[in-house]
Amino acid sequence: MAKIAMMEKNLKIAKTIDKYAAKRAELKERIRKGDKEAIKELAKLPRNASPTRLRNRCQVNGRPRGYMREFGISRVVFRKLAGEGLIPGIKKSSW
């Protein structure tokens with residue numbers, strides 16, 4: 001199970017991304033049009049404002065690896081919940 005601090009850090013990064021999303025989009029568009037000053041302004045934004053800093057984590061236990069986007073959980077939790085019949089449309093075949 002992931003440490004609570006890592007899950008909280010990920011939530012904090014997500015809030016920062018939302019806060020600066022409009023500003024980043026506007027600066028990116030200015031850069032595409034050839035504005036050199038926009039590059040300097042973009043560099044002044046916090047690094048955690050970049051969406052690539054966000055890590056997909058399991059909603060149940062916070063595991064960062066083996067994440068299944070469609071369900072929002074890790075493979076470990078998916079297997080457990082599927083075995084218990086708690087995921088609609090998924091049934092155990094031969095695991």
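**View 1. Leu27 sits in helix 1.** This is a predicted model, where local features need pLDDT of at least 70, side-chain atom pairs count only at pLDDT 80 or more, and totals for chains, interfaces and linings use all residues. Residues are numbered from 1 along each chain as its sequence is written, and side-chain values use heavy atoms, with hydrogens and water left out. Helices here are DSSP runs (H or I, at least four residues), as are strands (E, at least two), numbered from the N terminus. Leu27 counts as buried because its relative accessibility is 0%; buried means under 20% relative accessible area, with a 1.4 Å probe and protein chains only.

**View 2. Who does Leu27 touch?** Leaving out residues up to four places away in sequence, Leu27 touches Ala38, Glu41, Leu42 and Leu45. A contact means heavy atoms within 4.5 Å. Glu8, on the other hand, is 19 residues from Leu27 in sequence and 28 Å away in space, C-alpha to C-alpha.

**View 3. The buried residues of helix 1 pack against helix 2 (36-44).** Besides Leu27, they are Asn10, Ile13, Thr16, Ile17 and Arg24.

**View 4. Helix 1 has a bend of about 50° at Tyr20.** That bend is the angle between axes fitted to the seven residues ending there and the seven starting there. Just after helix 1 comes Gly34, with a positive phi of about 100°.

**View 5. Stepping back, the protein has 3 helices and 2 strands.** From the N terminus on, the order is α-α-β-β-α. The C-alpha trace spans about 60 × 30 × 15 Å along its principal axes.

Key
Buried means under 20% relative accessible area, exposed over 50%, partly exposed in between (1.4 Å probe, protein chains only).
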